[in-house]
Amino acid sequence: MLELRHLRQNYGPRALLKDISLSVAAGEIVALLGPSGSGKSTLLSIVAGLQAPLSGSVWFEGQDITTWPPEQRRFALMFQDFALFPHLNVQDNVAFGLIEQRLDKRRARAQALEMLALFGLAKHAQHKVWHLSGGEQQRVALARALITQPRALLLDEPFSALDADLRATLRDEFRSRIQAAGIPTLLVTHDAAEAQAMAARAVRLQDGVLEVLSW
Ligand SMILES: Nc1ncnc2c1ncn2[C@@H]1O[C@H](COP(=O)(O)OP(=O)(O)OP(=O)(O)O)[C@@H](O)[C@H]1O
Ligand SMILES: [Mg+2]
């Protein structure tokens, strides 16, 4: 269980996050909607540990992790500009997280290949990422995020660079893969239909506060 408790953050004189509390259970996807500039990405970066909140706390499985550095949290982040490494092939992109965790390179590559097979991408293992379509690149990015067995997944508009058809296809695939991984997931999206398709619950961030949405 991931829990945000009474988070506040300012940007300059502006109160961006006023009193944000939210919990996300294991295997649950919660969608975070809200207008541009409302602070969605800021909230994710606080959860990831990339910036500290002004006050309030972040909890994971009963532990206060507010002051933990990102690598200690072991959360995976995936942004809209998915930032695969263009100079590495697909397999090495996926192995990267494991090598960073000091797993032996050969074992990391073998695990990456297994993960790619699971994602139907094994045939692209040796290709450079620019060889792949946008949707395939997003799949590689998710494979790379999940291979490290993160304790939570933070997705910031993962499909915004893709066309509508591809987005709809990836929604279902991502939802089932995330549910299979059984990890709490926060999904930032502009798209209410995407939120409905992927998440059991949704909240909207507006004027610094969260409103619970129901459908
Ligand atoms: N490091 C920063 N540099 C510039 N502006 C920032 C920074 N951090 C926060 N802001 C400001 O804080 C506000 C919230 O930004 P944030 O990126 O969190 O919004 P968002 O809801 O993710 O928007 P979008 O939907 O456009 O991605 C914006 O007004 C933004 O300009
Ligand atoms: Mg944003």
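Is Arg-201 buried, partly exposed or exposed, and at what relative accessibility? At 32% relative accessibility, Arg-201 counts as partly exposed (buried means under 20% relative accessible area, exposed over 50%, partly exposed in between, with a 1.4 Å probe and protein chains only).

## Basis of the model

This is a predicted model, in which local features need pLDDT of at least 70 and side-chain atom pairs count only at pLDDT 80 or more, while totals for chains, interfaces and linings use all residues. Residues are numbered from 1 along each chain as its sequence is written, and side-chain values use heavy atoms, with hydrogens and water left out.

## Salt bridges

The whole structure holds 9 salt bridges, each a side-chain nitrogen of Lys or Arg within 4 Å of a carboxyl oxygen of Asp or Glu. In one of them, Arg-201 pairs with Glu-28, with the closest N and O atoms 2.9 Å apart. This pair links distant parts of the chain, 173 residues apart: Arg-201 belongs to strand S9 (residues 201-206), and Glu-28 to the loop between strand S2 (14-24) and strand S3 (29-33). Helices (H or I, at least four residues) and strands (E, at least two) are DSSP runs, numbered from the N terminus. Glu-28 counts as buried because its relative accessibility is 18%.

Arg-167 and Asp-191 form a further salt bridge, their closest N and O atoms being 3.9 Å apart. Arg-167 lies in helix H6 (residues 164-181) and Asp-191 in the loop between strand S8 (185-188) and helix H7 (192-198), so the pair ties together parts that are 24 residues apart in sequence. The side chains of Arg-204 and Glu-211 also meet in a salt bridge (3.9 Å, N to O). Arg-139, Glu-173 and Arg-177 are joined into one network by salt bridges that share partners.

## Helix H4

Helix H4 (residues 105-118) has 14 residues and spans 20 Å from its first C-alpha to its last, close to the 20 Å expected at 1.5 Å a residue (1.5 Å times one less than the number of residues). Its buried residues are Ala-108, Ala-112, Met-115 and Leu-116. They cover an arc of only 100 degrees around the axis, which puts them on the same side of H4; the arc is that of the directions from the helix axis to the C-beta atoms.

The buried residues of H4 pack against H3 and helix H5 (134-147), where contact means heavy atoms within 4.5 Å. On the face turned away from this buried side are the exposed residues Arg-106, Arg-107, Glu-114 and Leu-118. Just after H4, Gly-120 adopts a positive phi of about 70 degrees.

Note on methods: Chains are lettered from A and ligands numbered from 1 in the order in which they are written.
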